[in-house]
Amino acid sequence: AGVEVRQVPDAATLDGLREKIGAVAAALDAGDRGETLNARIDLELKQLEQRLGQIETRPRVLFLMVVGSGIDHSAGRGAPVDTLIRLAGGENVLHETVVDYKPLSPEAALAAAPDVILVSDRALKDLNGIDGVLGRAGLAATPAGQARRVIALDNTLLFNFGPRLAQAAEELARKLGTLRDPEVAKAGD
């Protein structure tokens with residue numbers, strides 16, 4: 001058909017995001033716009049990192065992905081949500097033991113002992129709220145389950161590792177409590 005096809009890298013890392021933006025910009029003959037977008041994302045992430053400051057205790061986060069009524073999954077090293085959790089000042093409890101997305105057993109959930117369970121807003125709705133989340137994979141017996149600490153993030157922010165990465169990390173940081181609003185900090189000082 002004579003249609004040019006280009007493959008775009010899609011690694012779930014900051015370098016991978018930069019490469020993806022560069023590849024799309026090059027395909028559109030807009031390299032300068034790609035560089036500008038990459039610079040903006042780098043600046044936003046640097047500003048977020050500075051606002052996070054020195055976090056004394058990073059919340060231990062377990063990501064729960066529910067696909068229909070099937071097996072629960074979680075994410076470890078190499079999954080976009082792993083990078084997002086770390087950018088938001090959290091610690092992914094499965095970073096060292098799981099690569100990418102893997103099924104989550106009740107035993108693994110208990111052993112991970114998360115402080116917070118992270119789900120997508122769609123999963124929270126599909127599971128009929130916090131009680132539905134805590135009814136999965138032994139989560140009710142975890143520290144997060146005992147404290148009923150379940151947070152949800154917009155589906156598109158959680159799963160789309162792209163130009164809104166800093167926005168996603170900031171929103172997650174607020175929900176995790178690792179980022180205080182500057183106005184709130186001034187009022188409390």
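Arg174 and Glu170 both lie in helix 9, 4 residues apart, about one turn of the helix. Helices (H or I, at least four residues) and strands (E, at least two) are DSSP runs, numbered from the N terminus. The model is predicted: local features need pLDDT of at least 70, side-chain atom pairs count only at pLDDT 80 or more, and totals for chains, interfaces and linings use all residues. Residues are numbered from 1 along each chain as its sequence is written, and side-chain values use heavy atoms, with hydrogens and water left out.

The side chains of Arg174 and Glu170 form a salt bridge at 2.9 Å, N to O. A salt bridge is a side-chain nitrogen of Lys or Arg within 4 Å of a carboxyl oxygen of Asp or Glu. Arg174 is partly exposed at 35% relative accessibility, and Glu170 is partly exposed at 24%. Buried means under 20% relative accessible area, exposed over 50%, and partly exposed in between (1.4 Å probe, protein chains only). Shared partners in salt bridges join Asp15, Arg18 and Asp42 into one network. By this rule the count comes to 12 salt bridges.

Helix 2 (residues 31-52) holds another such pair, Glu44 and Arg40, 4 residues apart and separated by about one helical turn. Their side chains meet at 3.1 Å, N to O. Glu44 is partly exposed at 28%. Arg40 is partly exposed at 38%.

A further salt bridge joins Glu91 and Arg60 at 3.2 Å, N to O. Glu91 lies in strand 4 and Arg60 in strand 1, so the pair ties together parts that are 31 residues apart in sequence. Glu91 has a relative accessible area of 34%, and Arg60 has 26%.

These strands belong to an open sheet of 4 strands, in the order 4-1-6-7, with parallel pairing. Strand 4 (91-92) and strand 7 (150-153) are the edge strands, each pairing on one side only. Two strands pair if DSSP finds at least two bridges between them. Strand 1 (residues 60-63) and strand 6 (residues 116-120) are joined by 3 bridges. Phe63 has Leu118 as its bridge partner in strand 6.

His95 sits in the loop between strand 4 and strand 5 (101-103). His95 counts as buried, at 17% relative accessibility. Beyond its neighbours within four places in sequence, His95 contacts Gly76, Arg77, Asp82 and Arg86. Contact means heavy atoms within 4.5 Å.
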